[in-house]
Amino acid sequence: MMTRRTLFGGAIAGLGALVAARFAATPTAQAAGTFEVEHTSAEWKKLLTPEQYYVLREEGTERPFTSPLNHEKRKGTFTCAGCDLPLFDSDTKFESGTGWPSFWLPIKGSVIEKTDSSFGMSRTAVECHRCGGHLGHVFDDGPKPTGLRYCMNGVALKFKPVAA
């Protein structure tokens, strides 16, 4: 006989299994020779801060509202923190209120988009075209003219202001 206790216990066990499976899974690695800029894990760890490594190489996410790039308003270019590839022009940045730097269009050919099925949902992950570093995700709730919101981890980016 099904009781509230067994139903609730089963739901908790199922949720626990889902969470455990997500955190036990390792990020999908690209095949060697896929990217123009490649390093071993040890080399990446020497080149990046621990937080940059976590986001760019392990597909992590920084805490919202922690990046100084959220408040960056100058003209310039946002580049990959891993390989310095120009990714977003400052003219495409907008305030989304999400806590992460947001853009409505990447520089042509700078990013790769792939399906991310983590956390039991399907999203579109965004990676650097040159080094494969994880940058964030793209959503279809952005402003005109594209209607897209490239929600990027600030720690995965560097800002290069236009020279005066």
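This is a predicted model: local features need pLDDT of at least 70, side-chain atom pairs count only at pLDDT 80 or more; totals for chains, interfaces and linings use all residues.
1. Overall composition. The protein contains three helices and nine strands. Along the sequence these elements run in the pattern α-α-α-β-β-β-β-β-β-β-β-β. Of the 164 residues, 37% are buried. Among contacts between residues at least 6 apart in sequence, 55% join residues at least 24 apart.

2. Helix 3. This helix spans residues 50–58, and its residues Q52, Y53, V55 and L56 are buried. The buried residues of helix 3 pack against helix 2 (41–47), strand 1 (76–80) and strand 7 (134–139). After helix 3 comes E59, which has a positive phi near 60 degrees.

3. Six strands form an open sheet in the order 3-4-8-7-6-5, with antiparallel pairing. Its edges are strand 3 (93–94) and strand 5 (111–116), each of which pairs on one side only. Within the sheet, strand 4 (residues 102–103) and strand 8 (residues 149–152) are joined by two bridges in the antiparallel sense. In this pairing, S102 stands opposite C151 of strand 8.

4. The loop between strand 7 and strand 8. This loop holds P145. P145 has a relative accessible area of 64%, and is therefore exposed, the cut-off being over 50%. The C-alpha atoms of P145 and W104 are separated by 7.9 Å, although the two residues are 41 apart along the chain.

5. Salt bridges at E59. The whole structure has nine salt bridges. One of them joins E59 to K114, with the closest N and O atoms 3.5 Å apart. Because E59 lies in the loop between helix 3 and strand 1 while K114 belongs to strand 5, the pair ties together parts 55 residues apart in sequence. Both are partly exposed: E59 has a relative accessible area of 26%, and K114 has 23%. E59 and K114 also belong to a network of salt bridges with E127.

6. Two further salt bridges. The side chains of D84 and K160 meet at 2.5 Å, N to O. D84 is in the loop between strand 1 and strand 2 (86–89) and K160 in strand 9 (residues 157–161), so this pair connects parts that are 76 residues apart in sequence. D84 is partly exposed at 26% relative accessible area, as is K160 at 39%. R74 and E72 form another salt bridge, at 2.7 Å from N to O. Here R74 is partly exposed at 48%, whereas E72 is buried at 13%.

Note on methods. Residues are numbered from 1 along each chain as its sequence is written. Side-chain values use heavy atoms; hydrogens and water are left out. Buried means under 20% relative accessible area, exposed over 50%, partly exposed in between (1.4 Å probe, protein chains only). Helices (H or I, at least four residues) and strands (E, at least two) are DSSP runs, numbered from the N terminus. Contact means heavy atoms within 4.5 Å. Two strands pair if DSSP finds at least two bridges between them. A salt bridge is a side-chain nitrogen of Lys or Arg within 4 Å of a carboxyl oxygen of Asp or Glu.
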